[in-house]
Amino acid sequence: AQARRDGPAARAVLGLAGLAALLALWWLGTEVLAPAGGMARRFAPAATFASLWQLLTGSDLPLHVLVSLRRVAVGLGLALAIGVPLGLAIGSYRRLEAALSPAMQFLRMISPLSWMPIAVMVFGVGDDPVYFLLAFAAVWPIVLNTAAGGQQLDARWLQLAQSMAATRWETLRHVILPGVLGHILTGVRLAIGILWIVLVPCEMLGVSAGMGYFILDTRDRLAYSELMAMVLLIGALGFALDAAARALPLLARLGPVHATGASHGHPDA
């Protein structure tokens, strides 16, 4: 209720105020309170923003960013290709859910980074182990949310599709997928957040490009302001990705059928 009273403009102002307070704390900790000549002063905002501008305009950093975003897209695509069909199957068959649930919960609780040595031994160095680790990290929220959507799908829509002699493909396309679309997109949003956290350490696996690789390079060169600039850039890109992901569930409203709207309208099937 308070959020509705404040409105979007007020919320935006409050958000900017919070970011300004964070910037002020950063400045105080690295320039005001830090001793002269101390290590903390090398991470100060002024030097960081200057290095960030130089990196974005006069280096190959944009190429590293594009490589990282490509890896995120591939990892998310693999997770969707595996997670959506598996989630639909689990949501449709209770026995399959009972058989797979313990194994999935066990695997889900293993940190994706724990698989890093095994991924390198199996896939070698390069992009392949990174794709595996990202897909492994992102698949679980997609599977679980898709399965939940399938279990909550109104059975009357399925009965209506059967009464109209719809084929399995038509039922899947016009009833099931639109009905679980909101859950799938919620899983995608959660998966993007996990992917972004896992991405940087995964790119320290011997690859020659990417933001994780670039951070290691700045550390080896003792370029502290550039290192802090990379941290800032990763946070800003992650913020932008999360903002885009938060808008994804709104796309579910474009679907022809909704799991919660069974009593209104007719399915396209």
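Predicted model: local features only at pLDDT ≥ 70, side-chain atom pairs only at ≥ 80, totals over all residues.
Which residues does serine 51 touch, not counting residues up to four places away in sequence? Residues are numbered from 1 along each chain as its sequence is written, and side-chain values use heavy atoms, with hydrogens and water left out.

**View A. Serine 51 and its contacts.** Serine 51 sits in helix 2 (residues 45–58); helices here are DSSP runs of H or I, at least four residues, numbered from the N terminus. Its partners are Ser225, Glu226 and Ala229, with contact meaning heavy atoms within 4.5 Å. Serine 51 is buried, at a relative accessible area of 8% (buried is under 20%, exposed over 50%, partly exposed in between, using a 1.4 Å probe and protein chains only).

**View B. Leucine 222 in its loop.** Look between helix 9 (211–220) and helix 10 (224–246) and you'll find leucine 222 in the loop. Leucine 222 has a phi near 55°, a positive value in a residue other than glycine. This leucine is exposed, with 54% relative accessible area.

**View C. Helix 9 against helix 10.** The two helices pack at about 160°, axes 8 Å apart (axes are lines fitted to C-alpha atoms over the stretch in contact, and angles run from 0 to 180 degrees between N-to-C directions). Met211, Phe214, Ile215, Thr218 and Arg219 of helix 9 meet Glu226, Leu227, Met230, Ile234 and Leu237 of helix 10.
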